[in-house]
Each structure stands twice: as C-alpha cells, then as structure tokens.
Amino acid sequence: MTLAEIAAGYYAEALRLRVVIGQLRARRKIAYSAEQRAALGHEIAIIADVQEQCYALAELCEKYYERGYYRNPRYTMNE
C-alpha cells in the first residue's frame, strides 16, 4: 500500500465522519432534554476531532515526499 492510497483512505474516512456529524447535529436539534443535547454535543466534538486528524494525516501522507513540506510536529517523532 502506498502513501497515496493511505491518504485516500483517510480522506474517505473524513468524509464519512462529516456525514455522521451531520446526522448527530440533526438528532441534537430534535433532542428533548438538555442532557441529550449535551451528550450529543460531546459526541460531535469528539468525532470532529477525529475528522480533523484524518484530514491532517491524509495531507501528511499525500505530501510526505514533497520537498519543503512543513510537517505538523504532532505527527512526527522530532521535537
């Protein structure tokens, strides 16, 4: 498997998570209790973080061999 294929997988997962977030937001709008809305909001926040990481990792894989590409220190072993 190449880095380009891995990047495509991360992009696909990020798009799938976007759909999930949209569904959760729709459920939050019709939730009856404040507890349900808070729980859904918490779940949305967690999934949005994962989605952001998917996009970042996809970009890292996609541009890994490009000269001069700035790599996010979060995803490298160097400090």
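Colleague: Is tyrosine 11 buried or exposed, or partly exposed?

Modeller: Tyrosine 11 is partly exposed, with a relative accessible area of 28%. Please note that this is a predicted model.

Colleague: And what about tyrosine 55?

Modeller: Tyrosine 55 is partly exposed, with a relative accessible area of 27%.

Colleague: How many aromatic pairs are there?

Modeller: The count comes to 2 aromatic pairs. One of them joins tyrosine 11 and tyrosine 55: the ring centres are 6.3 Å apart and the planes meet at 55°.

Colleague: Where do the two partners, tyrosine 11 and tyrosine 55, lie?

Modeller: Tyrosine 11 belongs to helix α1 and tyrosine 55 to helix α2, so this pair ties together parts that are 44 residues apart in sequence.

Colleague: Which aromatic pair is edge-to-face?

Modeller: That is the pair of tyrosine 64 and tyrosine 65, with 5.0 Å from centre to centre and 90° between the planes. Tyrosine 64 is partly exposed at 38% relative accessibility, whereas tyrosine 65 is exposed at 71%.

Colleague: Let us turn to the helices. How many residues has α1, and what does it reach from its first C-alpha to its last?

Modeller: Helix α1 has 28 residues and reaches 41 Å, close to the 40 Å expected at 1.5 Å a residue.

Colleague: And how many residues has α2?

Modeller: Helix α2 has 30 residues. From first C-alpha to last, α2 reaches 43 Å, which is close to the expected 44 Å.

Colleague: Which residues of α1 are buried?

Modeller: They are Ala7, Ala14, Leu17, Val20, Ile21 and Leu24. What covers these buried residues of α1 includes α2.

Colleague: Which residues are buried in α2, then?

Modeller: In α2 the buried residues are Leu40, Ile44, Ile47, Gln51, Cys54, Leu57, Ala58, Leu60 and Cys61. The buried residues of α2 pack against α1.

Colleague: What makes up the largest nonpolar core?

Modeller: That core has 10 residues in all: Ala14, Leu17, Val20, Ile21, Leu24, Ala31, Leu40, Ile44, Ile47 and Cys54. Helices α1 and α2 each supply at least two residues of this core. The largest share, 5 residues, comes from α1. As background, nonpolar side chains tend to be buried together in soluble globular proteins.

Colleague: Ala31 is listed in that core. What is alanine 31 in contact with, leaving aside its neighbours within four places in sequence?

Modeller: Alanine 31 is in contact with Gln36, Arg37 and Leu40.

Colleague: How far apart in space are lysine 29 and leucine 40?

Modeller: They are 9.7 Å apart, C-alpha to C-alpha, and 11 residues apart in sequence. Lysine 29 is found in helix α1, and at 74% relative accessibility lysine 29 counts as exposed.

Colleague: Changing topic to charges: how many salt bridges does a search of the whole structure find?

Modeller: The search finds 2 salt bridges. One of them links glutamate 13 with arginine 16, where the closest N and O atoms are 2.6 Å apart.

Colleague: How are glutamate 13 and arginine 16 placed in helix α1?

Modeller: They are 3 residues apart in helix α1 (residues 3-30), which means that about one helical turn separates glutamate 13 from arginine 16. Glutamate 13 is partly exposed at 29% relative accessibility, and arginine 16 is partly exposed with a relative accessible area of 45%.

Colleague: What does glutamate 59 form a salt bridge with?

Modeller: Glutamate 59 forms a salt bridge with lysine 63, and the closest N and O atoms are 3.7 Å apart. That pair still qualifies because the cut-off is 4 Å. Both residues lie in helix α2 (residues 34-63), 4 residues apart, about one turn of the helix.

Colleague: And the accessibility of glutamate 59 and lysine 63: what are the values?

Modeller: Glutamate 59 is partly exposed at 31% relative accessibility. Lysine 63 is also partly exposed, with a relative accessible area of 26%.

How values were computed
Residues numbered from 1 in each chain as written. Predicted model: local features only at pLDDT ≥ 70, side-chain atom pairs only at ≥ 80, totals over all residues. Heavy atoms only, no water. Salt bridge = Lys/Arg side-chain N within 4 Å of Asp/Glu carboxyl O. Buried < 20%, exposed > 50% of the residue type's maximum accessible area, 1.4 Å probe, protein only. Expected span 1.5 Å × (residues − 1). Contact = heavy atoms within 4.5 Å. Core = buried A, V, L, I, M, F, W, Y, C linked by side-chain atoms within 4.5 Å. Phe/Tyr/Trp six-rings, centres within 6.5 Å; stacked < 30°, edge-to-face > 60°.
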